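Q: I am new to this structure and would like a close look at a single part of its surface. Could you show me around, starting with the whole and then moving in?

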Amino acid sequence: PYIVEGTDITYVGFPANIERVLELEPDLIIASPFGDLDIYDELSAIAPTDIPEALPNVEWETSMRFMGDVLSLSDEVETLLADYDARVETLVELVGDPSEIEVSVVRYYDDSSQVGLQMQLANAFSTDMLADIGFTRPESQAYTAEEAEEVYGSPIAATLSLEELPLSDGEYLFAWSQGPNAEVDAANEAAWELLSEDPLWG
């Protein structure tokens, strides 16, 4: 659902708004495994519809290869993945021994003018990349998808209060955010200002 500014892509909502999709008259629909399963029949009535089995937030390389197959861009995808592997090797050389470095990842966002926080677990897209480099995770995050579901109610992320921030401890903490448009991005950046000024963050 996240659209890059300046691209000629129409946002159709999440889950997809059937009327908006219908207006676009697509030749092919690639639906989301998260929000579009319940409207698969309606989407299929508009155009051939495919839903990847792999979850993009967890099995991102498999998801990329799926997109490459569907869009006849498999060679381009393999080139991107090879470039990714090369960059990982470069980072490992620069870091030295990443297995001795413990890292955490937190997503911040606007939550009704308050700071929302999500600790990314070991199965998330961003942390999967850090694992490829060889960084380790604090004990509070080093769960399998099944264990994380039991402990936090999600295989990829845990919603935190500011008081629970110590769960995301580590030698390095990566903080990130994203939104579907500039308005949401601005609200998220305002949340970052609130977070960075809070004594619990510092």
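A: Happy to! Please keep in mind that this is a predicted model.

Let us begin with the whole. When we take contacts between residues at least 6 apart in sequence, 55% of them join residues at least 24 apart. The accessible surface amounts to about 12,400 Å², with 52% of it belonging to carbon and sulfur atoms.

Now for charge, which leads us to the part worth a close look. The protein carries 44 negative side chains and 5 positive ones. The centres of these two sets lie 3 Å apart.

On the surface, a patch of negative charge is formed by Asp83, Asp85, Glu89, Glu93 and Asp132. Helix α4, which covers residues 74-95, supplies the largest share of this patch, with four residues.

One member to look at in the view is Asp85, which sits in helix α4 and belongs to the negative patch. Is Asp85 buried, partly exposed or exposed? Its relative accessible area is 41%, so Asp85 counts as partly exposed. That label applies because buried means under 20% and exposed means over 50%, with partly exposed in between.

Methods. Residues are numbered from 1 along each chain as its sequence is written. This is a predicted model: local features need pLDDT of at least 70, side-chain atom pairs count only at pLDDT 80 or more; totals for chains, interfaces and linings use all residues. Side-chain values use heavy atoms; hydrogens and water are left out. Contact means heavy atoms within 4.5 Å. Accessible areas come from the Shrake-Rupley method with a 1.4 Å probe; for residues, only the protein chains shown count as cover. Lys and Arg count as positive and Asp and Glu as negative; His and the chain ends are not counted. The place of a charge is taken as NZ of Lys, CZ of Arg, CG of Asp or CD of Glu. Patches are made of residues with over 30% relative accessible area and no salt bridge: like charges are joined within 9 Å, nonpolar side chains (Val, Leu, Ile, Met, Phe, Trp, Tyr) within 5 Å. A salt bridge is a side-chain nitrogen of Lys or Arg within 4 Å of a carboxyl oxygen of Asp or Glu. Helices (H or I, at least four residues) and strands (E, at least two) are DSSP runs, numbered from the N terminus. Buried means under 20% relative accessible area, exposed over 50%, partly exposed in between (1.4 Å probe, protein chains only).
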